[in-house]
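Q: Hey, I'm new to this one. Can you walk me through the charges and the surface?

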Amino acid sequence: MDDLDRIRRRIIKTMESLEDACEQATEAQLPDLPNETRLQSIQALNRLIDTAKSHCDEAEAEMLHYIRLQSD
């Protein structure tokens with residue numbers, strides 16, 4: 001597996017996490033949800049956003065590493 005493949009996979013994971021977060025945000029806004037369920041949906045949304053941020057940070061670090069390797 002080369003560096004660009006790892007970066008691409010990390011970006012795909014980021015996008016998948018964001019897609020899940022969008023679905024969770026939609027669910028959390030449903031008016032017929034009890035408050036406890038809505039709170040759980042919002043907490044799940046926060047976890048998904050944190051996961052997406054983590055994947056994005058890792059992709060950025062891998063890209064910077066790749067750029068440094070290319071300039072050597």
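Predicted model: local features only at pLDDT ≥ 70, side-chain atom pairs only at ≥ 80, totals over all residues.

Q: Okay, how many salt bridges does the structure hold?
A: There are 3 salt bridges in it.

Q: Which residue does D3 pair with?
A: D3 forms a salt bridge with R6, and their closest N and O atoms are 2.5 Å apart. Both D3 and R6 sit in helix α1, 3 residues apart, which is about one turn of the helix.

Q: What about E58, which residue is its partner?
A: That's R10, and the closest N and O atoms of the pair are 2.9 Å apart. E58 lies in helix α2 (residues 35-71) while R10 lies in helix α1, so this pair ties together parts that are 48 residues apart in sequence.

Q: Is R10 buried or exposed?
A: R10 counts as buried because its relative accessibility is 16%, and the cut-off for buried is under 20%. E58, on the other hand, is partly exposed at 32%.

Q: Why do side chains like these pair up at all?
A: In general, side chains of opposite charge can pair when their charged atoms come close.

Q: Switching to the surface: which residues gather in a patch of negative charge?
A: Those are E16, E19, D20 and E23.

Q: Where is E19 placed?
A: E19 is in helix α1, which covers residues 3-28. With 47% relative accessibility, E19 counts as partly exposed.

Q: Got it. And which residues make the nonpolar surface patch?
A: L4, M63, L64 and I67 make that patch, and its area is about 320 Å².

Q: Which helix gives the largest share of the nonpolar patch?
A: Helix α2 does, with 3 residues. L64 is found in that helix, and L64 counts as partly exposed at 40% relative accessibility.

Methods: Residues numbered from 1 in each chain as written. Heavy atoms only, no water. Patch = residues over 30% accessible without salt bridge, like charges linked within 9 Å, V, L, I, M, F, W, Y side chains within 5 Å. Areas by Shrake-Rupley, 256 points an atom, 1.4 Å probe, with all protein chains shown as cover. Salt bridge = Lys/Arg side-chain N within 4 Å of Asp/Glu carboxyl O. Lys, Arg positive; Asp, Glu negative; His and termini not counted. Charge placed at Lys NZ, Arg CZ, Asp CG, Glu CD. Helix = DSSP H or I, 4+ residues; strand = E, 2+ residues; numbered from the N terminus. Buried < 20%, exposed > 50% of the residue type's maximum accessible area, 1.4 Å probe, protein only.
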